[in-house]
Amino acid sequence: QVQLVESGGGLVQAGGSLRLSCAASGRTFSRYAMGWFRQAPGKEREFVAAISWSGGSTAYADSVKGRFTISRDNAKNTVYLQMNRLKPEDTAVYYCAANPVVTTVPSYNYWGQGTQVTVSS
C-alpha cells in the first residue's frame with residue numbers, strides 16, 4: 001500500500017515557475033515508478049511526466065517537454081515536478097501516482113488527492 005500527498009500548487013503568472021512535491025508513505029516507495037498527471041475542467045486526465053523507480057528513466061508529454069522536469073529522492077520518499085515557463089493551458093489539478101512500471105496511461109495503482117495549479121495570463 002502506498003499513500004501519496006501532493007503539495008506546492010498555487011496561482012502563478014504566465015512565464016513563472018512552481019515546484020510540486022509528492023510525499024509517499026510506505027517502505028516500498030523506491031520500488032515504484034512515479035507519474036504526474038493533470039486534469040483540467042471538462043477534460044480527461046492526461047499524462048504529464050513519469051520516472052522509473054531508480055530515476056534513471058524519464059518520460060514527458062510533448063506539451064511540457066523542455067519546460068517541466070520530474071525527479072525523485074528515494075531517501076525522502078518524495079517525487080518532484082519542477083514546472084518552468086508556465087502557460088495558462090497548464091492550469092489543472094495535478095495528481096501524482098505510483099505504479100510498478102512506467103506508463104503514460106492513467107492506470108496507475110495508487111493516486112494522490114491532487115493539487116490545483118492555476119496560471120494566469
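Visitor: Which residue does the disulfide join to cysteine 22?

Guide: This is a predicted model, in which local features need pLDDT of at least 70 and side-chain atom pairs count only at pLDDT 80 or more, while totals for chains, interfaces and linings use all residues. Residues are numbered from 1 along each chain as its sequence is written, and side-chain values use heavy atoms, with hydrogens and water left out. A disulfide is taken here as a pair of cysteine sulfur atoms within 2.5 Å. With an S to S distance of 1.9 Å, the partner of cysteine 22 is cysteine 96.

Visitor: How many residues apart in sequence are the parts that this pair ties together?

Guide: A search of the whole structure finds one disulfide, and with 40° about the S-S bond the link of cysteine 22 and cysteine 96 is right-handed. Strands are DSSP runs of E with at least two residues, and helices are runs of H or I with at least four, both numbered from the N terminus. Because cysteine 22 lies in strand β3 (residues 18–24) and cysteine 96 in strand β9 (residues 92–99), the parts tied together are apart in sequence by 74 residues.

Visitor: Is cysteine 96 buried or exposed?

Guide: Buried means under 20% relative accessible area and exposed over 50%, with partly exposed in between (1.4 Å probe, protein chains only). Cysteine 22 has 0% relative accessibility and counts as buried. Cysteine 96 has a relative accessibility of 0%, so cysteine 96 counts as buried.

Visitor: How many strands does the secondary structure of the protein chain come to?

Guide: From the N terminus on, the elements run β-β-β-β-β-β-β-β-β-β-β. The secondary structure comes to zero helices, and the number of strands is 11.

Visitor: What radius of gyration does the protein chain have?

Guide: The C-alpha atoms fill a box of roughly 40 × 25 × 25 Å, taken along the principal axes. The radius of gyration is taken over C-alpha atoms, and the globule rule is 2.2 Å times the number of residues to the power 0.38. With 121 residues, a compact globule would have a radius near 14 Å, which agrees with the value for the protein chain, 13 Å.

Visitor: What is the relative accessible area of proline 41?

Guide: Proline 41 is found in the loop between β4 (33–39) and β5 (46–51). The C-alpha atoms of proline 41 and valine 93 are separated by 8.6 Å, although these residues are 52 apart along the chain. Proline 41 is exposed, and its relative accessible area is 76%.
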